[in-house]
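The sequence and the model are shown first, and a description in plain terms follows.

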Amino acid sequence: MHRHDSFSSGFALHPVSFHRNDYPNALPQSRSERTRLLHELSLVQGIIDTVNETADEKGGRVQSFKVGVGELAQFDIRLVRQLLNDIRRGTPLEGAKVTVVQEKSRVKCLSCGRSWDFHDLVGPMSTDEREMIHFLPELLSSCSRCPSCSKSYFEIEGGRSVRVIEVVLND
Amino acid sequence: MTDIDSALDFRLGMIRRRLERIGNLLLVLSGKGGVGKSVVSATLAAQLADSGFRVGLMDADIYGPSSALLFDAKTPPEEGEGGLTPPAINGVKVMSVDLFASGKPIPLTGYGARQVLLELLALTNWGELDYLIVDMPPATGDIMLTLTSLDEKGVEAVVVTMPDRLSTTVAHRVLELLKSGRVPALGVLENMHRPSRRAGRATDRGPRELASEFKVPLLGILPYDPGVSKAVERSDIRALVATKFARELRRSMSSLFD
C-alpha cells in the first residue's frame with residue numbers, strides 16, 4: 001500500500017471540458033438545484049483531473065477507483081455516478097472500473113459525546129442552511145445544535161462530502 | 001499493483017491547479033489578533049487593483065471573517081462550471097466564509113476550520129491573478145499550518161505587528177515558523193504606531209529589532225489613524241484607501257507595485 005499525501009508539479013494534465021448543456025435531462029430548473037449540479041460538476045472534474053495526475057505521477061494506469069458520496073453535502077449519487085462516467089470519457093480513466101458508494105453521515109457532539117445521524121440534525125434547517133452545508137459541510141455547526149445538550153461543538157465522523165476512497169494502479 | 005489509499009485528497013490537486021494561475025500568494029499574518037491584518041490585507045488588495053493588477057483577497061480568518069465586511073461584499077459567489085466565482089468589488093475578487101455563513105457564528109474545531117479552508121480554496125475560481133492576498137487568522141494553528149504547507153512557488157509572507165512587546169513576542173514566533181517552514185518573509189510591518197513622547201522607548205524598538213533578528217526588512221511604520229476606524233465603520237473601501245495609513249502602506253509595500 002502506497003500512501004499519497006501531496007502532489008508535486010511537472011506531470012501532464014488531462015483536463016476535459018464539459019458543459020451543462022451536455023446534461024439536458026439532469027439540469028434542474030430551480031436556481032438551487034442548478035447550483036447543485038454545477039457544484040457537483042466542479043468537484044467531479046476535480047476528482048478526474050487529480051486521479052489522472054496521480055496516475056501520471058506514479059507512472060501507472062488506473063485499474064479502478066472508488067468514490068464515496070457523503071450524505072452531509074446532500075449530493076445526488078446518481079448524478080455523481082453519471083458525471084464520473086461522462087467526464088472521464090477520453091481520459092486515461094476511461095477504461096477504469098469505477099465504484100461509487102454512499103457514505104452515511106455521523107456527527108459527534110464533542111461536548112456530551114453523543115453521536116447523531118445527519119438526518120437528526122437537518123430536519124429543522126432552512127433551504128438556505130442546507131445549501132450552505134452543501135458547499136461547506138462543516139458549517140453544520142453554524143445552524144445546528146446537539147439534540148441532546150444544545151451545544152454546537154461538533155465533529156463530523158464520516159460522510160461529509162464527496163471523496164476518493166481508493167485508487168488502484170496497474171504498475 | 002499499487003493501491004493509493006484514502007489519503008488522496010483530490011482538493012489538494014484542485015488547489016494546486018488553481019494556484020498555478022496565480023502569480024503571487026501573499027500571506028498577511030501576525031500571530032496576534034487585533035493588530036490590523038485584515039485592514040492591511042484589504043487596503044493592499046484595493047491599492048494593487050487600483051494600480052491595474054488582477055487581485056484576489058482570500059479571507060482565511062475562518063472563525064472571525066471580516067474581509068467581506070471591509071469590502072461591503074454581500075453577493076454570494078456565483079456558481080459556474082469552473083467553481084465558485086467570488087464577487088468583485090473595486091476590482092478585488094473577495095472570498096470569505098461569511099459569504100456563506102452570512103453573519104452566523106462559526107463554531108469549528110481546528111480540523112473543521114482546515115476543512116472549510118481547503119473547500120474554499122478548492123472551489124474558488126479566481127481565474128488568472130497577479131496577486132492573491134490572504135488575510136490570515138490570529139494564532140499558529142491549522143489554518144497557518146495548512147497555508148504554509150502548500151509548497152507552492154510564489155508564496156510569501158508579511159508579518160504585521162504593533163510596536164508593543166505583547167505583539168512582537170507573538171510575531172517572533174510566527175517568524176520562527178516561517179523560517180523553519182521555508183516560507184519567505186518579505187518583512188515586518190509595524191502598525192498603529194503612535195509617536196512616543198519619550199524617544200527611544202524600548203517598546204518602539206520592538207519591530208525594528210524583530211526584523212533585524214530575522215534579517216528581513218522593516219517594511220514600514222504605519223501610523224495610528226482614526227480615519228481607518230471611520231472607513232471601516234462605513235465598510236467604505238474607497239475611504240480606507242484614501243487614509244494616511246493607506247498612503248504609508250503603499251509606500252511600505254512599493255516593491256509589489258513595480
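Just after helix H2 of chain B, B:Gly52 takes a positive phi of about 95°. This and everything below refers to a predicted model.

**Helix H2 of chain B**

Helix H2 of chain B covers residues 37–50, which is 14 residues. From its first C-alpha to its last, H2(B) reaches 20 Å, close to the 20 Å expected at 1.5 Å a residue. Is this helix mostly covered or mostly open? H2(B) is mostly covered, since 13 of its 14 residues are buried.

**Chain B as a whole**

Chain B contains 11 helices and 11 strands. Its radius of gyration is 18 Å, close to the 18 Å that the globule rule gives for 258 residues, so chain B is as compact as a globular protein of that length. The C-alpha trace of chain B spans about 70 × 40 × 40 Å along its principal axes.

Chain A, for its part, has 5 helices and 6 strands. Read from the N terminus, the elements of chain A follow the order α-β-α-β-β-β-α-α-α-β-β.

In chain B, 8 strands form an open sheet with mixed pairing, in the order S6-S7-S3-S8-S2-S9-S10-S11. Strand S6 (88–89) and strand S11 of chain B are the edge strands, and each pairs on one side only. Strand S10 of chain B, residues 185–193, pairs with S11(B) in the parallel sense over 4 bridges. Within this pair, B:Val188 stands opposite B:Leu218 in S11(B). Helix H11 of chain B, residues 244–252, packs on the sheet and touches S10 and S11 of chain B. The direction of H11(B) makes about 175° with that of S11(B).

B:Leu210 lies in helix H8 of chain B. Is B:Leu210 buried or exposed? A residue counts as buried if 20 or more other C-beta atoms lie within 10 Å of its own. B:Leu210 has 22 other C-beta atoms within 10 Å, so B:Leu210 is buried. Leaving aside residues up to four places away in sequence, B:Leu210 touches B:Thr161, B:Thr168, B:Ala171, B:His172, B:Leu175 and B:Val188. B:Leu210 and B:Thr169 are 41 residues apart in sequence, and their C-alpha atoms are 8.8 Å apart in space.

Most residues other than glycine have a negative phi. Two residues of chain B can be described against that background.

B:Ala139 is not a glycine, yet its phi is positive, at about 80°. B:Ala139 lies in the loop between strand S8 (129–135) and helix H6 (142–147) of chain B. With 18 other C-beta atoms within 10 Å, B:Ala139 is partly exposed.

B:Lys215, also not a glycine, has a positive phi of about 55°. B:Lys215 counts as exposed, because it has 8 C-beta neighbours inside 10 Å.

**The sheet of chain A**

Chain A has an open sheet of 3 strands in the order S4-S3-S5, with antiparallel pairing. Strand S4 (115–117) and strand S5 (154–158) of chain A are its edge strands, and each pairs on one side only. Neighbouring strands of this sheet are turned by 30° against each other on average, direction ignored. Strand S3 of chain A, residues 106–109, pairs with S5(A) in the antiparallel sense over 4 bridges. One of the residues involved is A:Arg106, whose bridge partner in S5(A) is A:Gly158.

Conventions. Residues are numbered from 1 along each chain as its sequence is written. Chains are lettered from A and ligands numbered from 1 in the order in which they are written. This is a predicted model: local features need pLDDT of at least 70, side-chain atom pairs count only at pLDDT 80 or more; totals for chains, interfaces and linings use all residues. Two strands pair if DSSP finds at least two bridges between them. Helices (H or I, at least four residues) and strands (E, at least two) are DSSP runs, numbered from the N terminus. Axes are lines fitted to C-alpha atoms, for helices over the stretch in contact, and angles run from 0 to 180 degrees between N-to-C directions. The radius of gyration is taken over C-alpha atoms; the globule rule is 2.2 Å times the number of residues to the power 0.38. A residue is buried if 20 or more other C-beta atoms lie within 10 Å of its own, exposed if 12 or fewer, and partly exposed in between; C-beta atoms are placed from the backbone. Two residues are in contact if their C-beta atoms, placed from the backbone, lie within 7 Å. The expected span of a helix is 1.5 Å times one less than its number of residues.
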